[in-house]
Amino acid sequence: MNAQIIDPLQGDFPEVIEEYLEHGVMKCIAFNRRGTLLAAGCVDGSCVIWDFETRGIAKELRDKDSVAPITSVCWSKYGHRILVSAADKSLTLWDVVSGKKITRTILEQTSLLARLHPGSSTPSTCLVCPLSSAPMVVDLETGTTTVLPVTVPETVNEVAAPPRNKSSDATPHFTPTAACFNKRGDLVYVGNSKGEILIIDHNRSVEIQAVVPISTAAVIKNIAFSRNGMYLLTNSNDRIIRMYENLLPQRDGSITLQELVKTTDNHDVLEKLKVVGSKCLVLVREFQDTITKMHWKAPCFSGDGEWVIAGSASKGEHKIYIWDKAGYLIKILEGPKEALIDLAWHPIHPIVVSVSLAGFVYIWAKDYTENWSAFAPDFKELEENEEYVEREDEFDLMPETEKVKESGVNEDEEVDIVTVEKEDGFSDSDMSQEELCFLPAIPCPDEQQGKGGGSSSKLMESTHSESPVSEDAAMEGLAANNASSPHEGKLLLSSFRFLCNILFIGGVQRFYSHGTEIVRI
Amino acid sequence: MTSGGQQSAPLYKPYRLLKTLRDHERAVSCVKFSNDGNLLASASLDKTLILWSASNFSLLTRLVGHSEGVSDIAWSSDSHYICSASDDRTIRIWDARAPFDCLKILRGHSDYVFCVNFNPQSNLIVSGSFDETIRIWEVTTGKCAQVIKAHTQPVTSVHFNRDGSLIVSGSHDGTCKIWEAATGTCIMTLFSDRAAVSFAKFSPNGKFILTATLDSTLKLWNYKLGKFLKIYTGHTNKVYCVSSTFSVTNGKYIVSGSEDKCVYLWDLQQKTMIQKLEGHSDTVISVSCHPIANRIASAGLDGDRSIKIWVQDP
C-alpha cells in the first residue's frame, strides 16, 4: 500500500474511541473484504451499509416484510452480496449494488449465526447455526438444508449420522453449537457442547473427519478463523480462549484431510478421528484473565493475525482485551458503560469496531501524535535531551564550498510510473470477478441554489468558518449536530463549550441562536 | 521535431493541431478530459464551465452558476460529476449528464478556492485555497469532513493518490507536503530550494510525485526517499500555476504548458524535450491528456482564450 512511510514501530493496535456511528439500534456488524464498507444489522430488521471512509451511510437494505431484529450479517467474498439472518427464522440474501432482495429462506428455527460460503464469488450455500439445534448447511437457491453432525457416534458400527432434511429431532436440550467455514469453504469446523472441535467435509459425505478435543471439555461458544486461514480461535465456557494453528494446507484442505483419514489406521472410530484431528490442528496459545476469570464474547483476530481481541461478557461494562500472538496482554480498551455485543477488527487498518447494547457502533483507532519530522525533512526527533557536541571543523570558514548537491540517486535510471504493485495481504484476489469496494457516492441535491444566499443554515456555516477560533467550535457544534450524543450530559457540555467560545468573539445574537438549535436537537 | 533513434521505442510521431475551440469569453483556466474519455470540460475566468464532446468537440452545454471566475475542475471516477473551484470561495458539484444541474455548493473556505480533486472512490473532494488550508468534503452530504492548516501561503495544487489514502499538496511557500487522508496528519515534506511549488500530482501508480516550481523546473520525486529522480527543463514557468501531466497512452511523456505560449513534451526517462507545440497566443496554463486516445487539450490565458486539441497521427 502506499502508506508505508508511517512509523512501523508504534504498535499496530487501536487505543481510543475515535468516533461512533448511530443509526437506529444496531446489533451486529461485518466488514467487507477490504474494510471499505461496514454492514450493520439493526433491531428493526434493516441492514445499514456504512461507507467506512466518510463514516456516512452508503446504503440501507430494508424490506417491508422483515421487521424482526437481525441476528447476524455476512458479506460474500467480493462484496456483491450480503446474507442476513433475522429473529423471524428467515435468511435473506441481498444484492448490495441494487439494494434488492435476491432470495429469502425461512428455516425451522431462528439462526444465531449465518455465514456465506467464503470460497466462491456468488455463493449460494451458507452455514447456519440455529438457536438450539445442530448447525446446518443451507442451499439458498433450493432451500434444502443439510444438518451437520455434532457428536461422534458412540458405537463402532454406527456410521456418522446420514444427512437429514429435517432439523433437530428428539435430542434433548441442545446448547447452540458454534461453527465456521475454513478459508476456502471446503471444510466446516464445528465446536460442540462436549468441548470438541469437529472437522466436517460438507461437500463429500457429511461425516466427521477429525476431532480435536479440548482438555477441559467445556462447551465451545465461538469459533473463528483468522483472515489468512492459518489460525483458529475458540471461546469456551471455561473462560479460556484457545488459539490453534491450522496444519492443513489452504488450497487442498479437504483432499489432504481425506488422505489423512485413509492413511490413519485405528480400529476405534473415536481414536482414529482424534489422531487425524491432531494432524489438522495444534493448540498454540491460551488466553484468559486469571484474576477476574472473565467470560469472553466475540473473540477475533486482527486483520494480519498478529493480535487477538475479545470483549468481556460481563454486563454493564464495555471492555476489549488485546493480546499479541505470544499471549501477552497488551491493552484493555474501556468504553462507555454499556455491555458489548459484537466486535470486529478492520481487515487492513489497526481499527476495531464494537457494538454496544444501546445500539451504537464505536470505532477504536490509534491515537495520532504529530510526527514533527514530517514537516521538515532535516528534523530529527530525539527520545530525550542530548548534549550536542560540535564537530572539529563545524564553524570553520571554508572558502567557496557550496554544498555539493548530493544526488544519491542515479538520474538515468528508468522510472516506472504505471505498474501497480500487488497488495500483499490479499494474495488470493483473483481478478475474475471485480470486487465491490465502494458504493457510488451520489451527492444529495441542495434544496435551494442561490448564487450568494442559500438557506440560512448554510449561511451560518460559512460565517462560522471565517474566524479561525470559531472554526474549531463550529466543528464541535456541527459534530454534536450530526450525531447526537448518547448521553444528555455530553450534548449540553459540547454546546455549552461552543457558546463560550463564540461569546468571546462577539456576534452573540447570531451565534446564540445557532447554539439553541443544537440543544433543541 | 522528432527525436529519432530510441533504441527499443518506436519513432516518435509528432502531435499536430486538430481543432481550436473559442467559446470562452475570458481566459481559460483549466481543461480536463473525463475519465471515460467521452467529454472534455473547461473552466474559465468568465465564471462558466463548458462541456464538450471529446469525439467531435462540439459544445454540449455551458454550466453557469459561479459568481466569480473558476480556477480548477475535476471529474469523478465514473465521469458522472464535475466539481469546480472558484474565486467566489465555493466549490460546486455539477451533474455531467443532462440536465447538467448544479447539485451541491460547498461553502467553507474563506478565500479563493484554487484547486480541487476527487478521490478515486469519488466519495470525497479535496480542495486547496488561498486561505492556506486544505479541506476535505464529503460528496454525499456536502459537509466539510476535515480542515487541514496546511501551508503558510496559498495552496496551489491538491491531488489524491491511487488508493485515496494520501494527499499531496503544493504551495507558494515552497513546500510540497504529503498528508494522510483519513486523519489529516502530515507524513512528509518535500522542499524544492525555496522556489514556490505551482503544481503537484501523483503518478498513475502513486509511487512518484511530479512537481512544478516557479523556477521553470519540473521534478519527479520518489517521495519515500525524499529525493527527486528526474528534472525537466526548457520551458518557462515563473509566474502562473501552469499544470502538467503524464501521458501514458503511447509511450511515457511529461506534458506541460508554459509561459512562452507553447506546450512542451518531454520523454519521461531520458528527460529530453521531444516536442514543442506552438499555436497559442498567450501562456498555456493547463494541459490534459485523453485517457485512451493520443490527444492533448491545452488552454490559453486572456490573450488567447482558446482551447486547442492536438492529436498524434497514427
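Is D63(A) buried or exposed, and what is its relative accessible area? D63(A) is buried, at 12%; buried means under 20% relative accessible area, exposed over 50%, and partly exposed in between (1.4 Å probe, protein chains only). This is a predicted model, in which local features need pLDDT of at least 70 and side-chain atom pairs count only at pLDDT 80 or more, while totals for chains, interfaces and linings use all residues. Residues are numbered from 1 along each chain as its sequence is written, chains are lettered from A and ligands numbered from 1 in the order in which they are written, and side-chain values use heavy atoms, with hydrogens and water left out.

**Salt bridges**

- Side chains of opposite charge can pair when their charged atoms come close.
- Over all chains, the structure holds 16 salt bridges, each a side-chain nitrogen of Lys or Arg within 4 Å of a carboxyl oxygen of Asp or Glu.
- One of them joins the side chains of K101(A) and D63(A), at 2.8 Å from N to O.
- This pair links distant parts of the chain, 38 residues apart: K101(A) is in strand β9 (residues 100-106) of chain A, and D63(A) is in the loop between β5 and β6 (70-75). Strands (E, at least two residues) and helices (H or I, at least four) are DSSP runs, numbered from the N terminus.
- While D63(A) is buried, K101(A) is partly exposed at 34%.
- Strand β9 of chain A also holds R104(A), whose side chain meets that of D88(A) in a salt bridge of 3.0 Å, N to O.
- R104(A) is partly exposed at 29% relative accessibility, and D88(A) is partly exposed at 27%.

**R55(A) and its partners**

- R55(A) and E19(A) form a salt bridge through their side chains (3.0 Å, N to O).
- The two lie 36 residues apart and link distant parts of the chain, with R55(A) in the loop between β4 (47-51) and β5 (56-61) and E19(A) in strand β1 (residues 16-21) of chain A.
- R55(A) counts as buried because its relative accessibility is 18%, whereas E19(A) is partly exposed at 30%.
- E18(A), E19(A) and R55(A) are linked in a network of salt bridges.

**Backbone angles**

- Most residues other than glycine have a negative phi, and most peptide bonds are trans.
- R55(A) is not a glycine, yet has a positive phi of about 55°.
- A217(A), also not a glycine, has a positive phi near 55°.
- A217(A) sits in the loop between β17 (207-213) and β18 of chain A and is partly exposed at 43%.
- In chain B, the peptide bond from A98(B) to P99(B) is cis, with omega near 5°.
- P99(B) belongs to the loop between β8 (90-95) and β9 (102-107) of chain B.

**Helix α1 of chain A**

- G253(A), S254(A), L257(A), L260(A) and V261(A) are buried in helix α1 (residues 253-263).
- Seen down the axis of α1(A), its buried residues fall within an arc of 115°, so they line one face of the helix; the arc is that of the directions from the helix axis to the C-beta atoms.
- K262(A) and T263(A), on the other side of α1(A), are exposed.
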